[in-house]
Amino acid sequence: MKKIEVVQNILEANDSIAAQNRELLEANGVFALNIMSAPGAGKTSLILRTAAELKDRLRIGVIEGDVASTLDSERVQNEVTAVVQVTTRDASESCALIANMVAHALKRLPLEQMDLLLIENVGNLICPSEFALGEHMRVVVSSLPEGDDKPTKYPIIFSDASVVVINKLDFLPYVDFDIPSFQKAVLGLNPRAKFFQVSCKTGAGIKDWCAWLERELSSHKSHQKIMK
Amino acid sequence: MASRVRMHEFGITESIINIVLDKAKEAEANRVTKISLVAGELSGFVPDCIQFYFEFLSKGSPAEGATLHFESPPAQIRCRDCSTVFHPQDTVWTCPSCQSESVEIEGGRELYVKSIEVE
């Protein structure tokens, strides 16, 4: 019997594919968001609203991750330049999206004709947070009917998010969701988190979110030019 | 297994086996008898689930029959205001010393293969 010290990060394989994805996106000038939330919080609706708002100015690609079905990609396809569906039920590795699935999806997207990639992760607040995909930003969508205690229950996903979009603002009169205390809990975990309050049903707040996203995209692009 | 929904531990278990088999090959070993894994309390991976997939995925490989040993370092949260490091009670991440909610994760997200034993 012989003991061998290993000390090797198990996520290393995923992280290195994520880094390759990121390089491929950068080489094509594509800015990517990894959009995560519980099921039903409004990831697809946010993508639809964002695409409708920005499609005249930006070329947008979407990767739709779902456990099963192509419903979401059917909803999205009319609004964007290109959409690829990934169903994790058919993939061998995972319930959430992992970097390798995104690597395959990127091969099916016209990256050179895109500015923005919206990756819709599988609805889940635990699994997706461990897997980098190659994104520039992580976006968590939280909707009012879910309750304001989610940052306390699922701290990891909120710790790693760049942006938290609070959706279903039109529910505010009917639910006990304390927006300031929700924001305070997220900021406790993640002082740099940026918030947007939207209703994908009425369209409230969508212009602010999209204007900010466009600014982020152009500042990323000009930064890249300087780096070159 | 083909049509079952797989948990995210499936891919992780594949990665574990790849790491282990590489190391065993380097050591010119015939069989892996024990695998020591570190999966922090906050890592989001369930040991029982890794165990289940391991038995399935290691079949026919030199790692078949190896014992999995898990260490789970506890969540360690540091208060950004008073620097107290504490283990959170349940899911409440409020500093027990100064009640601040401004905290960061110091430990508990580890996920790595620590060592293996081979023959």
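The model is predicted. Its scores are ipTM 0.84 and pTM 0.90. For chain B the mean pLDDT is 91, with 94% of its residues at 70 or more.

First, the contact between the chains. Chain A contributes 33 residues and chain B contributes 33 residues. On the chain B side, the elements that give two or more residues are α1 (9-26), β5 (103-107) and β6 (111-118). By class, that side of chain B holds 18 nonpolar residues, eight polar and seven charged.

Strand β1 of chain A, residues 2-9, is joined to β6(B) by six bridges, and the two run antiparallel.

Now one residue on the chain B side, I19(B), which sits in helix α1 of chain B. Is I19(B) buried or exposed? I19(B) is buried, because 20 other C-beta atoms lie within 10 Å, and 20 is the number at which a residue counts as buried. Setting aside neighbours within four places in sequence, I19(B) is in contact with V6(A), Q8(A), I10(A) and V113(B). Y112(B) is 93 residues from I19(B) in sequence, but the two C-alpha atoms are 9.9 Å apart in space.

Next, chain A itself. Chain A has an open sheet of seven strands in the order β4-β3-β5-β2-β6-β7-β8, with parallel pairing. The edge strands, each pairing on one side only, are β4 (82-87) and β8 (194-197). Ignoring direction, neighbouring strands of the sheet are turned by 20 degrees against each other on average.

One pair in detail: β6(A), residues 137-143, and β7(A), residues 163-167, run parallel and are joined by five bridges. Within that pair, S142(A) has I166(A) in β7(A) as its bridge partner.

Last, helix α2 of chain A, residues 43-54. The helix has 12 residues and spans 16 Å from first C-alpha to last, close to the 16 Å expected at 1.5 Å a residue. Which strands does α2(A) lie across? They are β2 (31-37), β3 (60-66), β5 (116-120), β6 and β7 of chain A, and the helix runs at about 165 degrees to β5(A). Buried residues in α2(A) include L46(A), I47(A), A51(A) and L54(A), and also K43(A) and R49(A).

Terms used
Residues are numbered from 1 along each chain as its sequence is written. Chains are lettered from A and ligands numbered from 1 in the order in which they are written. This is a predicted model: local features need pLDDT of at least 70, side-chain atom pairs count only at pLDDT 80 or more; totals for chains, interfaces and linings use all residues. Two residues are in contact if their C-beta atoms, placed from the backbone, lie within 7 Å. Helices (H or I, at least four residues) and strands (E, at least two) are DSSP runs, numbered from the N terminus. Ala, Val, Leu, Ile, Met, Phe, Trp, Tyr, Cys and Pro count as nonpolar, Asp, Glu, Lys and Arg as charged, and the others, Gly among them, as polar. Two strands pair if DSSP finds at least two bridges between them. pLDDT is the predictor's confidence in each residue, from 0 to 100. A residue is buried if 20 or more other C-beta atoms lie within 10 Å of its own, exposed if 12 or fewer, and partly exposed in between; C-beta atoms are placed from the backbone. The expected span of a helix is 1.5 Å times one less than its number of residues. Axes are lines fitted to C-alpha atoms, for helices over the stretch in contact, and angles run from 0 to 180 degrees between N-to-C directions.
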